[in-house]
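Subject: Structure handover

Hello,

Please find the structure below, followed by notes on what was found in it.

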Amino acid sequence: MECGQSVATFFSGFNSPGNPPSGINTSSPSVAVVDNRIPGAVVPDPGAGPTQWNAANFTNAAGPSQDQWIAKNLGQVFGVCLDNANPPN
């Protein structure tokens with residue numbers, strides 16, 4: 001984690017979207033690190049109103065299967081606690 005990044009937790013979804021009896025999708029992420037910093041290529045124009053961009057996010061999807069941040073490994077995550085280390089753990 002770096003200053004300007006956030007941790008987002010969310011429901012991993014159902015196997016068939018909108019169909020709870022289909023069961024919970026355990027292969028979908030339930031945690032992500034989101035980079036909320038303004039990308040270097042985006043220069044906000046104060047007179048143009050809000051600037052929007054797709055924030056990069058990381059779910060460890062490319063890591064070994066046992067380390068991915070999916071519901072199968074972590075369950076449904078409802079909150080995250082970070083310590084005051086630099087960078088936070």
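The protein has a radius of gyration of 16 Å, whereas a compact globule of 89 residues would have one near 12 Å. That radius is taken over C-alpha atoms, and the globule rule is 2.2 Å times the number of residues to the power 0.38. Along its principal axes, the C-alpha trace spans about 50 × 35 × 25 Å.

This is a predicted model, in which local features need pLDDT of at least 70 and side-chain atom pairs count only at pLDDT 80 or more, while totals for chains, interfaces and linings use all residues. Residues are numbered from 1 along each chain as its sequence is written, and side-chain values use heavy atoms, with hydrogens and water left out.

Of the 89 residues, 17% are buried (under 20% relative accessible area; exposed is over 50% and partly exposed lies in between, with a 1.4 Å probe and protein chains only). Counting contacts (heavy atoms within 4.5 Å) with a separation of 6 or more, 54% are between residues 24 or more positions apart.

Gln68 sits in the loop between strand E3 (57–58) and helix H1 (71–74). Gln68 counts as buried because its relative accessibility is 18%. Its side chain reaches the backbone oxygen of Gly63 at 3.1 Å. Beyond its neighbours within four places in sequence, Gln68 is in contact with Thr59, Asn60, Ala61, Gly63 and Asn73.

There are two aromatic pairs (rings of Phe, Tyr and Trp, the last by its six-membered ring, with centres within 6.5 Å; planes under 30 degrees apart count as stacked, over 60 as edge-to-face and the rest as tilted). Phe11 and Phe14 are edge-to-face, because their ring centres are 5.1 Å apart and their planes stand at 70°. Phe11 is partly exposed at 45% relative accessible area, and Phe14 is also partly exposed, at 26%.

Phe58 and Trp69 form an edge-to-face pair, with 5.1 Å centre to centre and 90° between the planes. Phe58 lies in strand E3 and Trp69 in the loop between E3 and H1, so this pair ties together parts eleven residues apart in sequence. Phe58 is partly exposed at 42% relative accessibility, as is Trp69 at 22%.

Regards

Notes
Helices (H or I, at least four residues) and strands (E, at least two) are DSSP runs, numbered from the N terminus. A polar contact is a pair of N or O atoms within 3.5 Å; within protein, one must be able to donate a hydrogen and the other to accept it, and residues adjacent in sequence count only if both atoms are side-chain atoms.
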